[in-house]
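Please read the points alongside the model shown here.

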Amino acid sequence: MNKTQVLRTLIVETPSVPGNFAKVATAIGNAGGDIGDIKTIKIGTLSTVRDISVQCENLACLEEAVQAVRDLGGGIQVHAVSDDVMKVHEGGKIHMKSRTDVRSVGDLRRVYTPGVADVCTAIQEDPEKARYFTSIGNTVAIVTDGTAILGLGNIGPVAGMPVMEGKSVLFDQFVGISGVPVLLDTSDVDQVVETVKHIHQGYGAILLEDIGSPHCFEIEERLKAELPIPVMHDDQHGTAVVTLAAVLSACKAAKVDPEKAIVGQIGLGAAGLAICRMLMAYGVKDVYGTDRDEEALERLRSYEGKTLGSLDELMEKCDIVIATTGVSGLIKPEMVKEGQIILALSNPHPEIKPEDALNAGAAYAADGRLINNVLGFPGIFRGALDAGAKEITYSMLIAAAEAIVYQTKEGELVPHALDPSVHRAVSQAVENAVSR
Ligand SMILES: NC(=O)C1=CN([C@@H]2O[C@H](COP(=O)(O)OP(=O)(O)OC[C@H]3O[C@@H](n4cnc5c(N)ncnc54)[C@H](O)[C@@H]3O)[C@@H](O)[C@H]2O)C=CC1
Ligand SMILES: CC(=O)C(=O)O
Ligand SMILES: [Mg+2]
């Protein structure tokens, strides 16, 4: 989140009279606050207390929203304003826990010495046994050099750690994988490749995260070629899978044959280039890309992709527009064409807010909160690990995208990431694609 955007929880007490909460919501909305989760903490005969999560553009807007609620009077009170985002990060979001209790001497001898030595010997004799007798097969290294943390840029791996911990939380809660952040203090391709090669034995797979372009391309290609376990750069392929799914659902809703859709990609870095390649591999014939960097354009052309010289030209030509530039507000409402589909995927701030794109005439619009690689990477890695796959292939990725489309309700672009059936469906589709 950049410094100009704030997310807070207001603890609000209202007299238990119907309509009071509506007054609070209206006051917050009129001040420019966007309400998220609402949790009822206490319902009494006299009053009700709720935690109301509110997102504002800046602190001044938040203060205005709080004051607007206070000004309602009639017994409505704001008890506190808490910063839940910072609070949830105190002490970090992850913790390695044991899966077995040590309560007796017998436990101690089984879990540790001398018993453990028998397992070591068994693995020494047959290294394949490590898959069954250690956590390696269920553990994924989340590797970053901190050079493209969300759209925040090169802020370094330590500042990027909260993102890596976030991925680890999602791995654990959605598909039961242990995700271990690995922070690299080098971006040199040879050093990154060598380092990951030297540590890979402790992991069942490698997820590369927020490694900037263009060095991310060579790092991934070399690691894929040189390691016997699955390697995937999530910003490239996880994002491409979810975007393909959203494009397919959008085409279904608009009754357009995906192969005939005219799709434009703004930003041809890690995410953008992979999105173009994935759409082209799926059979979409008219995929156009644009970027401010000539080398990025050349890279797309090297994959037989078509490029356009400017953002205006792309906005004018394309029915479906996808943006992954990291530049907040890059797409102006006046550039949006009637009926266009706009996927502005940059985090933490999109190139255009969905509501602004819709007001400007877009038929569908979504941002990176909804169209997010969280819909893909947990199930992709679960499926790959369960199948004992040695790599993640295009057919596994396309199977994942099709599973996401299948899970999408009519009229929506993608399912919700909190729906557990999505991750189950993706992992099964990926596992089946390995065994096909
Ligand atoms: N919603 C999602 O699941 C995901 C969203 N993203 C978001 O996409 C953004 C980019 O991420 P990456 O591809 O990893 O970064 P990157 O740094 O590899 O790529 C960004 C590309 O955008 C281009 N660019 C920047 N400003 C531009 C402009 N004004 N006009 C045209 N091109 C411009 C750059 O030259 C570069 O090629 C980030 O904000 C990130 O949060 C990335 C991955 C997943
Ligand atoms: C979601 C994600 O991976 C990104 O914004 O970089
Ligand atoms: Mg990322």
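1. Asparagine 372 sits in the loop between strand S14 (364-367) and helix H15 (377-387); helices (H or I, at least four residues) and strands (E, at least two) are DSSP runs, numbered from the N terminus. The model is predicted: local features need pLDDT of at least 70, side-chain atom pairs count only at pLDDT 80 or more, and totals for chains, interfaces and linings use all residues. Residues are numbered from 1 along each chain as its sequence is written, while chains are lettered from A and ligands numbered from 1 in the order in which they are written.

2. Asparagine 372 is buried, because 20 other C-beta atoms lie within 10 Å. A residue is buried at 20 or more other C-beta atoms within 10 Å of its own, exposed at 12 or fewer, and partly exposed in between, with C-beta atoms placed from the backbone.

3. UniProt, in an unreviewed entry, lists Asn347 and Asn372 under "binding site". They span 26 residues in sequence, yet no two of their C-alpha atoms are more than 9.3 Å apart, so they gather at one spot. UniProt positions follow the numbering used here, feature names are shortened, and annotations may be inferred rather than shown by experiment.

4. Asparagine 347 lies in the loop between strand S13 (341-344) and helix H14 (354-359). Asparagine 347 has 18 C-beta neighbours inside 10 Å and therefore counts as partly exposed.

5. The UniProt annotation "active site", also from an unreviewed entry, covers Tyr112 and Lys167. Spread over 56 residues of sequence, they are also spread in space, up to 30.4 Å between C-alpha atoms.
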